[in-house]
Amino acid sequence: PVSAELGLQVAGWSVRSFDLPGCNPQRACERALARLRGGAIVLLHDGGRAPAQVEAITTRLLAAIAARGLRPVPLATT
């Protein structure tokens, strides 16, 4: 109700990488890729205390997505 009142849309994820600080980037990427399908929404965290970890996971994940013939797209903002 609060989101609707503020004119916001809620989006849930369908793939979680468990990319919390201190995780193994390779393992986080493998977890995400195991469930990745066209149309999936992948949950990734912004890094906070571990920006190098986020970069490693994102780089691997984007390469694997491209290798599968998929392409990342942003969620609609309107």
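A polar contact is a pair of N or O atoms within 3.5 Å; within protein, one must be able to donate a hydrogen and the other to accept it, and residues adjacent in sequence count only if both atoms are side-chain atoms. The model is predicted: local features need pLDDT of at least 70, side-chain atom pairs count only at pLDDT 80 or more, and totals for chains, interfaces and linings use all residues. Residues are numbered from 1 along each chain as its sequence is written, and side-chain values use heavy atoms, with hydrogens and water left out.

**View A. N24 caps the N-terminal end of helix α2.** A side-chain oxygen of N24 lies 2.8 Å from the backbone nitrogen of Q26. Helices (H or I, at least four residues) and strands (E, at least two) are DSSP runs, numbered from the N terminus.

**View B. Buried and exposed residues of helix α2 (residues 25-35).** A28, C29, A32 and L33 are buried (under 20% relative accessible area; exposed is over 50%, partly exposed in between; 1.4 Å probe, protein chains only). Seen down the axis of α2, these buried residues fall within an arc of 130°, so they line one face of the helix; the arc is that of the directions from the helix axis to the C-beta atoms. A34 and R35, on the other side of α2, are exposed.

**View C. Packing of the buried residues of α2.** Their partners are β1 (15-16), β2 (42-43) and α3.

View D. Q53 counts as buried because its relative accessibility is 11%. A polar atom of the Q53 side chain lies 2.8 Å from the backbone oxygen of L20, and one lies 3.3 Å from the backbone nitrogen of C23. Not counting residues up to four places away in sequence, Q53 touches (heavy atoms within 4.5 Å) D19, L20, P21, G22, C23 and P25.
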